[in-house]
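Please keep the sequence and the model side by side while reading. The paragraphs below go through a few side-chain and helix contacts in turn.

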Amino acid sequence: MGEVVAIASPKLAQVVASEIRKRIVGGELVAGEFLPFEAELVTMYRTSKPTIREALRILETEGLLEVRRGGRSGAQVLEPSISYAARGVGVLLQHRGTTVADVWDARSILECDAVGILAAEHRTAEHRTAKHRAADVRSLRATATRIRSLLDSPEVFAVEALEFHEELVRLSRNKTLHVLTQALHEIVAAEMLLSRQQSTATDVTTGNLDSTRVHTKLIDFIAVGDTTGAVDLWRRHMHAVGEVLVRTVGPAYVIDIVE
């Protein structure tokens, strides 16, 4: 008879991957740390080399590990990234023929909810001190000032302006909203770049200037706790930006996460 070949059990590999995944998301294994060598993992999980390799491949496709070769070889832990989650969701949306307009509408709803939470918190949250609330407003103003200073550099402005959206949602302190909006940004990012490329220089400049004015006014609303004013302003702003996006890339343009 020929040599006996060990074959990895998919189910067992998934069990091993699940155990290692728990250690990563639970903080027991931190980014940059290396897993034990393969032989140790075989002993630790009482399984075979093929099963360990399959488990590591599963975690590598999830962006939780990077199998390195040369120098210090082995499986190195990575920080969980929104890009991997966004790609999975994006592929599903693309498969279903989801348009850019559809994704933008969802993003607008989530961002307006975050703005509402933030503005209301500054008005009513007794568990947060005035000092903390003022710190949030100062942070937003500093971000807005930095973005405004980049008006003469449209390409850089486009990238940095997204930080304002990011900070608004982050300061709402709703982690689910933050993750969802980050994922939607990742999904529609390529289409936003395409929209800018197809717009005239004048339109880009005008749009950027309008954005800085909206940023300033929104912060003023948040500072005084005007939830209605803040949400209404941001909804109109997101709608206006969305109209430009849809007009330039086309109303029937389906997101393309694969490319």
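Serine 195 touches Val244, Leu245, Thr248 and Val249, leaving aside residues up to four places away in sequence, where contact means heavy atoms within 4.5 Å. This is a predicted model, in which local features need pLDDT of at least 70 and side-chain atom pairs count only at pLDDT 80 or more, while totals for chains, interfaces and linings use all residues. Residues are numbered from 1 along each chain as its sequence is written, and side-chain values use heavy atoms, with hydrogens and water left out.

Serine 195 is found in helix α8, helices being DSSP runs of H or I with at least four residues, numbered from the N terminus. Serine 195 counts as buried because its relative accessibility is 6%, the cut-off for buried being under 20% relative accessible area with a 1.4 Å probe and protein chains only.

Helix α8 (residues 175-197) also packs against helix α4 (residues 82-95), at an angle of about 65° and with the axes 8 Å apart; the axes are lines fitted to C-alpha atoms over the stretch in contact, and angles run from 0 to 180 degrees between N-to-C directions. On the α4 side the contact is made by Ile82, Ser83, Ala86, Val89, Gly90 and Leu93, and on the α8 side by Val179, Gln182, Ala183, Glu186 and Ile187.

The structure holds one aromatic pair, formed by phenylalanine 164 and tryptophan 234 at 5.9 Å centre to centre, with 50° between the planes. Rings pair if their centres lie within 6.5 Å, the six-membered ring being used for Trp, and planes under 30 degrees apart count as stacked, over 60 as edge-to-face and the rest as tilted, and this pair is tilted. Phenylalanine 164 lies in helix α7 (residues 154-171) and tryptophan 234 in helix α10 (residues 227-249), 70 residues apart, and both are buried.

Technical notes
Helix = DSSP H or I, 4+ residues; strand = E, 2+ residues; numbered from the N terminus. Buried < 20%, exposed > 50% of the residue type's maximum accessible area, 1.4 Å probe, protein only.
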